[in-house]
Amino acid sequence: MFIIIHQERWKIIIYSLFLSLMQQKIYEIALSLMNGIGPKRAKTLVSYLGSAEEVFKVRHKIDALIPGVSKQLLKAVKWEECLQRAEIELEWMDKNSIDVHFYLDQNYPKKLKQCDDGPVVFYAKGGHYNKRKNIAVVGTRKCTSYGVQMTRDLIHGLKDFNVQIVSGLAFGIDIAAHKAALEFDVPTIGVLAHGLDDLYPVGHKSTAKKMLENGGGLISEFMSNTVAEKENFPKRNRIVAGMCDATIVVESSQKGGSLITAGLANDYNRDVFAFPGNADKTSSVGCNYLIQKNRAHLITCAQDMIDILGWQDELASTPIQTDLFTSYSPEEEKILNILREKGITQIDDLCHFCAMTVSQLSVQLFNLEMKGAIRALSGKRFEFI
């Protein structure tokens, strides 16, 4: 009887924590929807008040609490509409296994946290952002066979240096980078200019599916039902540049998104690299310009970049250091082994794999979360950290 009561108590605690987390996420999403309040202002509000929830709770007196905040601007915010839309979005995310990452969360990309204009939240399918070196590979949509080959050779040369390739899943160099990453078993992240309820271009859906299966991910700061409008692409590019340690432009015309990404990377004080090309080739004008103006390092192969960044002495792979001071029960070890093997797993599947009831499993999952071994995601899914 005591065991049953004990398990029921843990179920109530876990459920209460889950509800609290969901409520917190609603406020965080709503914060990103406030009309007239961009990422910089939103982060300022949180820095003064402590949380997104507190921003909404004291909204009628924010101008008195924080110097320099316009009362007129706050009046224009549709506070209740933001919360209602956020609640609808979170429900949709839960049904479709989408995760939301707030800029203060531990798993938000560390590099992107350093950018004042980084999104308050972004939405994701799969993906890990702080376990590897994130390298942006970008370029023109109208790439040449030379550009595709240079992209492939580049990623082949970087594959043993614990990298993750980031690009925009667009035509041209972007999709060439994602496909090369898949070919050489390198995780790759696609940053989208629309909501995660769709994929543009449609022809890249099969590649996107393989990216997820290979440990990569799809991310966007745009909510569901957001189409890929022209003004969304520069916003997408700042995430590509902001979350990455370095940006590589393979081919680029005189104007285009890849030059915007390179410019943003420069503004963020990140390394930028470019492949030179023939002076009479339209697809090389942008790269040659970046090199000429000292806005990018000239490289001809992956080794050039490795030398410049000082990666020469790194091992091909970095072993995962286990915590020598944390002990796990046999049940906990069983759960951890399953999550290591299968990746992100839904609680019902875990019950099946572990041969446990939901109540038995909930206790073990709670203990593992407290030990910092696993992370709970939306949709009652869990992943090994």
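Guide: Welcome! Let us begin with one idea: two residues are in contact when heavy atoms of theirs lie within 4.5 Å. Keep in mind that the model above is predicted.

Visitor: Which residues does Ala 208 touch, not counting those up to four places away in sequence?

Guide: With those neighbours set aside, Ala 208 touches Leu 169, Leu 199 and Leu 218. You will find Ala 208 in helix 10, which covers residues 205–213.

Visitor: Is Ala 208 buried or exposed?

Guide: Buried means under 20% relative accessible area. Ala 208 has a relative accessible area of 4%, so Ala 208 is buried.

Visitor: How many Å separate the C-alpha atoms of Ala 208 and Lys 78?

Guide: Those two C-alpha atoms are separated by 35 Å, and the residues are 130 places apart along the chain.

Visitor: Let us turn to cysteines. How many disulfides does the structure hold?

Guide: First the general idea: a disulfide is a covalent bond that joins the sulfur atoms of two cysteines. Here the structure holds zero disulfides. Take Cys 115, which is in no disulfide: the nearest cysteine sulfur belongs to Cys 244 and is 10 Å away. The cut-off for a disulfide is 2.5 Å between the sulfur atoms.

Visitor: Now charges. How many salt bridges are there?

Guide: The general idea is that a side-chain nitrogen of Lys or Arg comes within 4 Å of a carboxyl oxygen of Asp or Glu. In this structure the count comes to 13 salt bridges. One of them joins the side chains of Arg 381 and Asp 99, with 2.6 Å from N to O. This pair links distant parts of the chain, 282 residues apart: Arg 381 is in strand 12 (residues 381–384) and Asp 99 is in strand 1 (residues 99–102).

Visitor: Are Arg 381 and Asp 99 buried or exposed?

Guide: Arg 381 counts as buried at 8% relative accessibility, and Asp 99 counts as buried at 5%. Now look at the salt bridge between Lys 159 and Asp 160, whose closest N and O atoms are 3.3 Å apart. Lys 159 is partly exposed at 29%, and Asp 160 is partly exposed at 35%.

Visitor: What does Glu 332 form a salt bridge with?

Guide: The partner is Lys 371, with the closest N and O atoms 2.8 Å apart. Glu 332 sits in helix 15 (residues 330–342), while Lys 371 lies in the loop between helix 17 and strand 11, 39 residues apart from Glu 332. Glu 332 is buried, at 4%, whereas Lys 371 is partly exposed, at 35%. Elsewhere, salt bridges that share partners join Lys 25, Glu 28 and Asp 105 into one network.

Visitor: At what angle do helix 15 and helix 17 pack?

Guide: Their angle is about 80 degrees, and their axes are 10 Å apart. An angle from 65 to 115 degrees counts as roughly perpendicular, and these two helices are therefore roughly perpendicular to each other. Among the residues that meet are Ile 335 and Leu 336 in helix 15, and Leu 361 and Leu 365 in helix 17.

Visitor: In what order do the three strands of the open sheet come?

Guide: The order is 10-12-11, with antiparallel pairing. Strand 10 and strand 11 stand at the edges with a single partner strand each, so one side of each has no neighbour in the sheet. Helix 15 packs on this sheet and touches strand 10, strand 11 and strand 12. Strand 11 and strand 12 pair over four bridges, and Phe 384 in strand 12 is the bridge partner of Ile 374.

Definitions and conventions: Residues are numbered from 1 along each chain as its sequence is written. This is a predicted model: local features need pLDDT of at least 70, side-chain atom pairs count only at pLDDT 80 or more; totals for chains, interfaces and linings use all residues. Side-chain values use heavy atoms; hydrogens and water are left out. Buried means under 20% relative accessible area, exposed over 50%, partly exposed in between (1.4 Å probe, protein chains only). Two strands pair if DSSP finds at least two bridges between them. Axes are lines fitted to C-alpha atoms, for helices over the stretch in contact, and angles run from 0 to 180 degrees between N-to-C directions. Angles under 35 degrees count as roughly parallel, over 145 as roughly antiparallel, 65 to 115 as roughly perpendicular and the rest as oblique.
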